[in-house]
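Work through the exercises below with the sequence and the model open. Try each task before reading its solution.

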Amino acid sequence: MKYYYAPGACSLAGHIALEEAGADYEAIRVDLSAHKTEAGEDFYAISKRGYVPALVTEDGLLTENSAVLAYLGERYGPKLSDWDRYKALEWIGFTGTELHKAFTPIFMGMKSGDTQAGEAARPQIAKKLALAADLLDGRDWAVGDGPSVADNYLFVITLWADKFGVDMPDALKAYKARNLARGSVRKAMAAEGLA
Ligand SMILES: N[C@@H](CCC(=O)N[C@@H](CS)C(=O)NCC(=O)O)C(=O)O
């Protein structure tokens with residue numbers, strides 16, 4: 001498999017899953033501002049979407065965190081009960097559409113240099129992070145007894161919250177620390193030059 005990622009981006013979630021699985025894959029860094037791979041290929045020629053993550057499998061190209069994480073989770077992740085599989089999808093949906101997307105004004109501001117919208121978005125992001133902590137409801141992991149792909153994605157969001165100075169409840173700070181202690185997380189972060 002080939003895995004296209006950008007350092008510290010949402011694609012870190014799948015990168016952690018691949019490390020956790022001990023999968024046979026090649027990680028390829030993409031420069032998202034130039035839309036070029038580290039070898040200088042046009043990333044749009046690899047994925048029409050132009051964004052990461054993008055996973056090249058034996059069956060073809062798979063994109064979108066919701067699909068990539070479900071694919072990696074079901075193939076390589078811990079076996080979940082039927083109900084927990086649905087709950088993991090619920091978490092991935094929540095993380096992608098509520099948490100991840102809430103950071104869009106900050107990312108746009110970084111590109112345009114106009115940071116006002118990003119500043120204005122912070123309280124709203126903090127509110128959503130408070131909801132995430134509430135939904136964890138005292139559990140160590142999103143579903144089941146251990147980490148799953150749902151945690152990989154939520155963990156990336158906690159990294160962004162710290163990076164951009166958004167308030168996080170203590171439960172989420174502890175959750176972030178718990179994830180940072182995972183070998184797969186440390187390996188994927190080191191591979192992306194984040195450690
Ligand atoms: N809908 C996509 C969005 C992925 C996404 O937002 N990727 C960002 C990095 S976190 C990206 O590649 N942005 C660069 C761009 O859109 O040009 C998904 O859920 O996987």
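**Exercise 1: a helix on the sheet**

Task: find which strands helix α3 lies across, and its angle to β5.

Solution. Helix α3 spans residues 65–76 and lies across β1 (2–5), β4 and β5. It runs at about 115 degrees to β5. Helices (H or I, at least four residues) and strands (E, at least two) are DSSP runs, numbered from the N terminus. Axes are lines fitted to C-alpha atoms, for helices over the stretch in contact (heavy atoms within 4.5 Å). Angles run from 0 to 180 degrees between N-to-C directions.

The model is predicted: local features need pLDDT of at least 70, side-chain atom pairs count only at pLDDT 80 or more, and totals for chains, interfaces and linings use all residues. Residues are numbered from 1 along each chain as its sequence is written, and side-chain values use heavy atoms, without hydrogens and water.

**Exercise 2: the strand order**

Task: state the order of the five strands in the open sheet.

Solution. The order is β3-β2-β1-β4-β5, with mixed pairing. Two strands pair if DSSP finds at least two bridges between them. β3 (36–37) and β5 (60–63) are the edge strands, each pairing on one side only.

**Exercise 3: around β4**

Task: identify how β4 pairs with β1 and with β5.

Solution. Start with β1: it pairs with β4 in the antiparallel sense over three bridges. Tyr-3 has Leu-55 in β4 as its bridge partner. Next, β4 (residues 54–57) and β5 are antiparallel over four bridges. Thr-57 stands opposite Gly-60 in β5. A hairpin of two residues joins β4 to β5.
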